[in-house]
Amino acid sequence: MATATTTAGRPPHPGPARATVVSGTGTLLRFMLRRDRIRLPAWVLGLTLMMMYYVAALEGISEGPEDLAGMTAFSESPAGALFGGPGFGYDALTIERFLAGQYGLYLYVGAALMGLLTVTRHTRAEERSGRAELVRANVVGRHAQVTAALLLTALMGVLVALLVTSVMAGNGYDLAGSLLFGAAIGVSALTFAGIATVTAQLSEYPRAAAGLAGTALGAAFLLRGLGDMATVQGSGPGWLSWLSPIGWSQQTAPYVHNRWWPLLISLAFVAGTAAAGYALSARRDFGAGLIPPRPGDPRAAGWLAGPLSLAFRLHRASLLGWSAALLVSGLAYGSFTQPMLDGFADAPEDLVAVMGGTEDLLAGFLGLMGLTMALTVAIYAVLAVHTLRGEETDGRTEPVLATAVSRRAWIGSHLAVTAAGVPWLLFVAGLGMGVGAAASTGDASLLGDLLLGHLAHTPAVWLVLAVAAALYALVPRAMPAVWVVVGYALIVGFFAPILDIPAGAVRLSPFEHIGEYPLDEIDIGAVLLLTLGAAAVAQVATLAFRRRDLSTA
């Protein structure tokens, strides 16, 4: 009879540990921190420095609540609600209340972008590049990648929250309100990280996944704006603000009500979207999306045989999505034109200055909306250039250039399609805004004014596009620097009268030269100079791209 024996003093080997769906999360998180060693501090410090600038600027021009009277009038108007929020506590305004109520929105949106881009970068983009397949060949659970990406976003949100809290409390503001304000910013990042967790399962393309999450952010901004405008106006669907994740952060009302419970809604939403992302991930094949790509025709049309056709095909979906979003946004905001004018009755001089320094508040509002849409289209242009970077690093540019397509033709085709898309998107935005404003006021002539006012900003957007292309061609890793141009233009365009920014600094923005028609006459000379400048910078980008090596990492 055989007898099992064991070596004395040596216990049997327990065998390998059982892997779980989140095995390897810690290792992946350390790897993500290593990859984002520049990106993480850039996001965190960038948002913190933005808040520091707002604090320093307002402290410099305001010595007390009486100096904020003009700002209060603007912020309590429908236009102020659109660009800031519902304005809690403005009946007894303080600097910290104004900072959180008017400028906090831009910190919430910035944190939301940080969250959705971080999750997309470390989930869907990793699958698309093929790196995730190598990682999953080890002892790594199916949900480890998503979990690590969410933990990384949470870490970034916590860092932003702590730094913003330190900035506010360090300036003598209420500690409880500062903690709540910082927490609301950090939770905003997590909220849209949860949305990106879901969109990353829908499409197999990183650009589409990020685009869907970005569309959700745009819808949240639109719902919040419409709800806040209705709330300030005293009539209409003010409840729309509660349908927006951005609205949940604003409803905390730091330094006024100090309500923590709206953040519980955000955290419940994060839990729900994360759970949905996990469930959807388990229902799809690795590398695939739940929405399968539409198969193409077995034979390509003759007009597709060229780099320009390829560029149009790659940008087509983005153009269609942006067109629909801008049309709907224009219609929605234009419909509030008459309520906005009614809300500006007997406006003080400081408020008139914010709207362009004219008593024609209608022209001032329409000009401001034209600038808003132009800055939005500039975001499209920058993201389109990021598409070139993605095509290169994913290894799809090299096979194209291995054919008879020259580097000049490749980058030139993408820039040409994007440049042609700029006036088209401005036209669509102006059309929606014009139809909405005409229906609201009963003045059909506003349609032509708004179309011209929107299209006039085309050269300024072209210049932003050219700068982004030049950074891509010269130093691809420095491409995020172009967002400084867009952010600076936004601050100058909306808040220069409030923050008392010097005229010389205002002129640094490419959007401050043409004029905000119909408020200002269009400067034809500025149109020509900006167009020539954009063409010159684009030529520099083309020449630089011909002289550098391709990057596939």
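Is Gly236 buried or exposed? In this predicted model, Gly236 counts as exposed because its relative accessibility is 57%, and the cut-off for that class is over 50%. The residue is placed in the loop between helix H10 (206-233) and H11. The C-alpha atom of Gly236 is separated by 8.9 Å from that of Leu226, a residue ten positions away along the chain.

Ala81 and Ala230 are 149 residues apart along the chain, and 8.8 Å separates their C-alpha atoms. Ala81 belongs to helix H4, which covers residues 78-83. With a relative accessible area of 0%, Ala81 is buried.

Asn258, with a relative accessible area of 26%, is partly exposed.

Helix H12 spans residues 261-281 and includes Leu267. Leu267 takes part in a nonpolar surface patch of about 480 Å², together with Trp242, Trp261, Leu264 and Ile265. The relative accessibility of Leu267 is 40%, so this residue counts as partly exposed.

Helix packing was described for two pairs. Two packed helices are described by the angle between their axes and the distance between the axes. Helix H13 (residues 307-334) packs with helix H16 (residues 361-393) at an angle of about 165°, and their axes are 12 Å apart. H13 is therefore roughly antiparallel to H16, since angles over 145 degrees fall in that class. The crossing of H13 and H16 is right-handed.

The second pair consists of helix H20 (residues 458-474) and helix H23 (residues 524-547), whose axes cross at roughly 15° and come within 8 Å. This angle makes H20 roughly parallel to H23, because angles under 35 degrees are counted as such. The crossing of H20 and H23 is left-handed.

Ten salt bridges were found in a search of the whole structure. One of the pairs joins the side chains of Glu392 and Arg548, with an N to O distance of 2.9 Å. Glu392 is in helix H16 and Arg548 in the segment after H23, so this pair ties together parts that are 156 residues apart in sequence. Both Glu392 and Arg548 are buried.

A salt bridge is also formed by Arg124 and Glu127, in which the closest N and O atoms are 3.6 Å apart. Helix H6 (residues 124-129) holds both Arg124 and Glu127, and their spacing of three residues is about one turn of the helix. Arg124 has a relative accessible area of 1% and is thus buried. Glu127 also counts as buried, because its relative accessibility is 15%, below the limit of 20%.

The side chains of Asp36 and Arg39 likewise meet in a salt bridge, at 3.8 Å from N to O. Asp36 and Arg39 are both buried.

Note on methods:
Residues numbered from 1 in each chain as written. Predicted model: local features only at pLDDT ≥ 70, side-chain atom pairs only at ≥ 80, totals over all residues. Heavy atoms only, no water. Patch = residues over 30% accessible without salt bridge, like charges linked within 9 Å, V, L, I, M, F, W, Y side chains within 5 Å. Areas by Shrake-Rupley, 256 points an atom, 1.4 Å probe, with all protein chains shown as cover. Salt bridge = Lys/Arg side-chain N within 4 Å of Asp/Glu carboxyl O. Helix = DSSP H or I, 4+ residues; strand = E, 2+ residues; numbered from the N terminus. Buried < 20%, exposed > 50% of the residue type's maximum accessible area, 1.4 Å probe, protein only. Axes fitted to C-alpha atoms, helices over the stretch in contact; angles between N-to-C directions. Parallel < 35°, antiparallel > 145°, perpendicular 65-115°, else oblique. Left-handed = near helix turned anticlockwise from the far one by under 90°.
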